[in-house]
Amino acid sequence: METEQEYIITVFSENKVGLLSQITTVFTCRNVNIESLTTSESALQGIHKFTIVVRTTPETVQKVVRQIEKKIDVLKTFVYTPEEVVQQEIALYKVTRSNSVEQLVRRHNVRILEIDTDYIVVEKTGHKEETQQLFRLLQPYGVQQFVRSGTVAVIKSRRELLNEYLEELEKLRRESEAAASETEKSN
Amino acid sequence: MNSSSDETQQTVDGPRMTGSQALLESFLIEGVDTLFGYPGGAIIPVYDALYDYRDRLRHILVRHEQGAVHAAQGYARVSGRVGVCLVTSGPGATNTVTGLADALMDSTPLVLVTGQVGSSLLGTDAFQETNFVGITQAVTKWNCQVKRAEEIPAAMAKAFYVARSGRPGPVVVDITKDAQCGSAPFHYEKITSIRSYVPVPEPDPARLDEAARLIDEARRPLAMVGQGVILGNAEAELKAFLEKSGVPVASTLLGLSAVPTDAPQYVGMLGMHGNYGPNIRNRDCDLLIAIGMRFDDRVTGSPAHFGENARIIHLEIDPAEIGKIIHADVPVTGDVRQTLPQLTERIHKRRHDAWIAGFRDCDRIEQERVIRPALHPSGPRIHMGEAVDTVARAYANDAVVVTDVGQQQMFAARYFGFRRTRSLVTSGGLGTMGFGLPAAIGAKLGAPDRDVVLFVGDGGLQMTIQELGTIFQSKIPVKIVLLNNSFLGMVRQWQELFYDSRYSFTELVNPDFGMIARANGLAYRCVEHREELSDAVAEMKAAKGAYLLEVRVDRQENVFPMVPAGAPVAEIRLE
């Protein structure tokens, strides 16, 4: 039995209605729980990026990735271990105002977003353990609301894998078009 | 996969027309000549337009939408073309789901067009509304919804391209009623590529070199052929590979007929009810060459034991199949029509006569202990195997054989024998009872010059028996061999072998099939005695129109050999 570990999967796709559920179904079918999922337009216009964090075995993650890539509207899927990426989450806390809370949040390097007469809203970015630790520390003072985003990540490698892939596709397309027009000429 | 490479970009501009007309024009541009369908409220505009296209598009009115999809599957499987269906929204659409799932599992190219309620009503639980794009996500290769007439040509171009390219599969296009009624200038551009979709991955030359080296070095190799060879039209390329490599070849259920049964290197069918040799010798093999097959669990038995002493080469068009069940030592991605010649070119000419002779020894054991008793049973009742054999002899092993699912399917696959490719239409992956009768209708329309013989049990026939009405109305001359044992035979066999003969709800009390046949205008004969069988089969073969031959067979016959589910294939049982 292979041991489970954390993986960050990035999926690049066309912006098509219903694709999110097609992608998540792949995890459901293999009984893999999604720890976090964020989605937004990528740096390339018209291409959507999903960042999915899962805990599973190396073998399963490879199978899942191939199943996702099989979806017609998915461009490319990459898998990373936590060491290969810089990742961040953002957490917002709405806490009852008091002097001790204000001292605590100052010590924890947070951004204060709003101060009202009876509450403050602060923001902390970091890894899950860090945002979770602040939540625990704030709890005794009364956390009225707490919300945490999914993970976003950029890869440490200097190579821009998606760009390389798209260039490769473009090259193949040009080649096949050239071949097709050759054939037409010879006919 | 066969047409994507020679597809050229083609633009057709035309006048303004309704979405319904645009749909039918799209069909014509894509080379469609036959539709299988059933009208209903949300697709009436398309049917209205179809009234003017009757001279160019043949529409087969089925009796249930599931039948439309299975018929389109039969059509696609024998012809290599895309099967096309047309049904209404809501129940019409949901009735097709089994067929779509079957087509996805067995890689059958289909385009299903469903009507949908008007776009302003979407999401309101309107009459006959279902979220069909949502429902069919898991059973289609791709699907989409079209809400405007001007989007129809592009959606259809993409649908046909996706359905037939790469590993083929079913595609659903859900068209709202207002899109069918709206009008737009007709402009059709065939699709030859999609940015996010790689239908045929490129093989890695290093893998081909490695595969060739393994083949050259192997002492006990076995090639295993799947439907990928048929879907890729690669029968000749396979033959060349086999001749040069000299390796024995076995087939999966869906790969049957890609290699003629009497080919010198052919050693039989793999899997649960396959032949003795390719199963029992699985652990003797030192190299398995999987060619366009996906290691279904009915083929591998226990995957941990499958080819446990062999290296494995996997030639496969779908990268998601590589390593899914069985680890491939050398995966070769790509269309087998391209990769097989590249492999053939790299290998040395070899012979494996002694190794193949060992398979013939296995054949003799199987012949003695399984086949002879099955084809020449001692008891008074006719057995399924001898019925299949009698039909096969009458047709000289040259017919399109369509089967339902269960014991008759396995007997047909084991005993018919095939001379040319695309001669078996059967539901492999999904195992859909009720597939046979409608698939036979489609097969006859897809291969009008060939004889089409359906083997079906009494259980499966009654699942889609209403399609006898389609045969009657559209005058489709299929020959139906009903192997009637008044049992759900395969389940009964499992109950006998694994559930202490507790026949829980597997016995059928059947209607009079003769009356049903005659009510539907079919010629009919019932045979109970062995001495009438040949004569009855000859009569069926000679009949001009459709014919139902009911053969009352032994009630408690079992299919052997058998690999118990989940056991290593080498633990195959002969009795």
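View 1. A search of the whole structure, which is a predicted model, finds 1 cavity of 30 Å³ or more. The largest cavity has a volume of about 80 Å³. Its lining is made up of B:Arg77, B:Gln227, B:Ile230, B:Leu253, B:Leu254, B:Leu256, B:Arg422 and B:Leu424. A cavity is a set of points, on a 1 Å grid over the protein atoms alone, where a 1.4 Å probe fits but cannot get out, and lining residues have an atom within 4 Å of a point. Grid points are joined across faces, edges and corners, and the volume is the space filled by probe spheres set on the points. Rolling a probe the size of a water molecule over the atoms shows where empty space is left.

Residues are numbered from 1 along each chain as its sequence is written, and chains are lettered from A and ligands numbered from 1 in the order in which they are written. Local features need pLDDT of at least 70 and side-chain atom pairs count only at pLDDT 80 or more, while totals for chains, interfaces and linings use all residues; side-chain values use heavy atoms, with hydrogens and water left out.

**View 2. An open sheet of chain B with strands E9 to E14.** The sheet has 6 strands in the order E11-E10-E9-E12-E13-E14 (chain B), with parallel pairing. Strand E11 (266-269) and strand E14 (330-333) of chain B stand at the edges; each has a single partner strand, so one side of each is left without a neighbour in the sheet. On average, neighbouring strands of this sheet are turned by 20° against each other, direction ignored. Helix H14 (residues 336-346) of chain B packs on the sheet and touches strand E12 (287-291), strand E13 (311-316) and E14 of chain B. The direction of H14(B) makes about 135° with that of E13(B). Strand E10 (residues 249-251) of chain B runs parallel to E11(B) and is joined to it by 3 bridges, with B:Val249 opposite B:Tyr266. Helices (H or I, at least four residues) and strands (E, at least two) are DSSP runs, numbered from the N terminus, and two strands pair if DSSP finds at least two bridges between them. Contact means heavy atoms within 4.5 Å. Axes are lines fitted to C-alpha atoms, for helices over the stretch in contact, and angles run from 0 to 180 degrees between N-to-C directions.

**View 3. B:Asp363 in helix H15 of chain B.** Helix H15 (residues 353-375) of chain B holds B:Asp363. B:Asp363 counts as partly exposed because its relative accessibility is 24%; buried means under 20% relative accessible area, exposed over 50%, and partly exposed in between (1.4 Å probe, protein chains only). The side chains of B:Asp363 and B:Arg360 are joined by a polar contact of 2.8 Å. A polar contact is a pair of N or O atoms within 3.5 Å; within protein, one must be able to donate a hydrogen and the other to accept it, and residues adjacent in sequence count only if both atoms are side-chain atoms. B:Asp363 and B:Val267 are 96 residues apart in sequence, and their C-alpha atoms are 8.1 Å apart in space.

**View 4. B:Arg167 and its contacts.** B:Arg167 lies in the loop between helix H7 (152-164) and strand E7 (170-176) of chain B. With a relative accessible area of 17%, B:Arg167 is buried. The side chain of B:Arg167 makes a polar contact of 2.8 Å with that of B:Glu321. Leaving aside neighbours within four places in sequence, the residues in contact with B:Arg167 include A:Lys70, B:Met105, B:Lys141, B:Arg294 and B:Asp318.

**View 5. Strand E7 of chain A and its partners.** Strand E7 (residues 119-126) of chain A has 7 of its 8 residues buried, so it is largely enclosed by the rest of the structure. Strand E5 (residues 85-96) of chain A pairs with E7(A) in the antiparallel sense over 8 bridges; here A:Leu92 stands opposite A:Glu123. Strand E6 (residues 111-115) of chain A also pairs with E7(A) in the antiparallel sense, over 4 bridges. A:Glu123 in E7(A) is the bridge partner of A:Arg111. A hairpin through 3 residues joins E6(A) to E7(A).

**View 6. A cis peptide bond in chain B.** B:Phe560 and B:Pro561 are joined by a cis peptide bond, with omega about 0°. B:Pro561 lies in the segment after strand E20 (547-552) of chain B.

Conventions: On a 1 Å grid over the protein atoms alone, a cavity is a set of points where a 1.4 Å probe fits but cannot get out, and a pocket is an open set with protein on both sides within 12 Å along at least five of seven lines; lining residues have an atom within 4 Å of a point.
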